[in-house]
Amino acid sequence: MTFSDSNDADISRGSSSICCAGNSGSSSLLPVNSASDAIALRRLSETLESMFLSDTSSTSDFDFFADARLVTAFCGKEIPVHRCILAARSPFFRNMFSGEKGKNAKFELKEWMKDYDVSSDVIVTVLSYLYSGKVKACSKDVCICVDEECSHEACRPAVKFMVEVLYASSVFQVSELVAKFQRHLLDILDKASADDILMVLSVASVCSKACERLLDACVQIIVKSDVDFITLDKSLPHNIIKKVMDSRLELGLQGPDRSGFPDKHVKRIHRALDSDDVELVRMLLKEGHTTLDDAYALHYAVAYCDAKTTTELLDLALADVNYRNSRGYTVLHAAAMRKEPKIIVSLLTKGARPSDLTSGGLKAVQIAKRLTRYADYKRPTEEGKDSSKDGLCIEILEQAERRDPLPGEASASLAIAGDELRTKLLYLENRVSLAKFLFPMEARVAMDIAEGDVASEFSLARINKNLADTQRTTVDLNETPFSMKEEHLNRMRALSRTVELGKRFFPRCSEVLNKIMDTDDLTEIAYMGSDTPEERQLKKQRYVELQQVLTRAFSEDKEEFDKAKESPISSSTSLGMMKSKDKLTF
């Protein structure tokens, strides 16, 4: 027995209906003739929905209701469900729960949902409909973007949410929801970007006959768009690509400037990048048939290749970092669409301009904002928790627009560590170690880019390799004259670059580190003088906070150091080492 997707207005008029499926598989609509029947139906819907939502809440007292759990494919979250209700409402679940397999307590959805990643929010939305017969309003955090100037009617989070519901409904064989969200998507196609329509088209092709109208509408839009063949090839199945290209040919839209196929030399460069073989790219360029810019090689690497490959391609210094492709996107625009912090920082350090506009009048930071769900933009509330990649990209681009610090500006603060190289190195080691603990993702981005920016013979990877081949030595900084070896200087270069990048792109994190590392701040906290009782209390609270942070950092670093004792490669200097024996291990 399934409920129609009726609203309160229908119920108040007593015009709701129930769809009853008989043994023959046919269904008939039975009209509800009285307002009391409609109210009873609504109460039944609300009761079942409340039972499901109680079971899925983190503080549920009704978990004993559930007799199975669905494990989402996207994040592995477990959702308590009731077999009898889902089996009655969906042929998919009836089949899932039948036979020997149906006796399991947990069911991995990734076995059936292989074509598209679906969030747990969407799974809950579809399951809630199966329980109640109503489409539950989703949280704004998951279906609006970060850009305050956006109408949110057809931004990426809104479109993605509808596409995910469409796909999940198709997999679960909920035809009413498939039809409903197909209509929603058809209504906003003319407002969505071409790249978002590619996403809709990809899922519509998977849903097959149930979404024929949506598929045809998307194809017509893409045929007339400026989307190039490479983007099509990376986004769509081959049968859809052929359909698009054939239509363009018929309309006379296929040509070298718009949507023609890349020549064989460009293909060879792209294949080399797919294999992460930048040396082969260099050899292909020597043949002289094309250039990196003509092949849009940097755009390709930024969009589809590993961050390390992009950095190595940038190091060739053979491509214009602000070059525009056939769609009017700079490389930084493409990086904002990819949403990979390391790539964005690499481009900015090589001179990419954050102020450049697309043909539609958007800057890179606006692109990143319109692609990011508000839920993914929220910064972690606790230090030591990872920031989201999406939010980090926005923060980096905003900072790049806000200011472009002078070379060496970040290093000026190192004066607080004293003039001796030994003291500076200790300061850098401990600042970076603390950053790794308090701001893990930001620290990883800065360290990776810094290692790439330092010349290859000075890279941390090579230093560590050389150290692995030699016997580890411990230098007592208090008793032994400290001789700055070449590898020590090289490490200082890399650490200094890490601090510079951190101050340039992550000022929020750097301010926290400054308060902990700067001597003046600690001295001010320690000095009570003629402070009022309120001021003393505030300083005491700040001191306790710093003590807790350092204690956690010490414990974390000590664990890493204990593990490193068993490894031939030494870890970086820990705060604990500096606090105890003031020794530096290389």
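Predicted model: local features only at pLDDT ≥ 70, side-chain atom pairs only at ≥ 80, totals over all residues.

The largest cavity holds about 170 Å³ of space.

What lines the largest cavity? There are 15 lining residues. Find Ala435, Thr498, Gly502, Ser510 and Leu513; of the lining, these lie nearest the centre. By type, the lining divides into nine nonpolar, three polar and three charged residues.

Now the helices around that space. Four of them supply at least two lining residues each: α22 (421–438), α23 (440–453), α25 (486–505) and α26 (507–517). Which helix gives the most to the lining? That is α25, with four residues.

On to the second part, a helix pair. In general, two packed helices are described by the angle between their axes and the distance between the axes. Look at α7, residues 156–171, and α9, residues 194–207. Their axes come within 10 Å and cross at roughly 5 degrees. Angles under 35 degrees count as roughly parallel, so α7 and α9 are roughly parallel to each other.

Who makes the contact? From α7, it is Arg156, Val159, Lys160, Val163, Leu166, Tyr167 and Ser170. From α9, it is Asp195, Asp196, Met199, Val200, Val203, Val206 and Cys207. Sort the residues of this contact by type and you get nine nonpolar, one polar and four charged.

To recap: the largest cavity is lined by 15 residues, with α25 giving the most. And α7 and α9 are roughly parallel. Over to you.

Key
Residues numbered from 1 in each chain as written. Heavy atoms only, no water. 1 Å grid on protein atoms, 1.4 Å probe; cavity = no way out; pocket = protein on both sides within 12 Å on 5 of 7 lines; lining within 4 Å. Points joined across faces, edges and corners; volume = space filled by probe spheres on them. Nonpolar A, V, L, I, M, F, W, Y, C, P; charged D, E, K, R; others polar. Axes fitted to C-alpha atoms, helices over the stretch in contact; angles between N-to-C directions. Parallel < 35°, antiparallel > 145°, perpendicular 65-115°, else oblique. Contact = heavy atoms within 4.5 Å.
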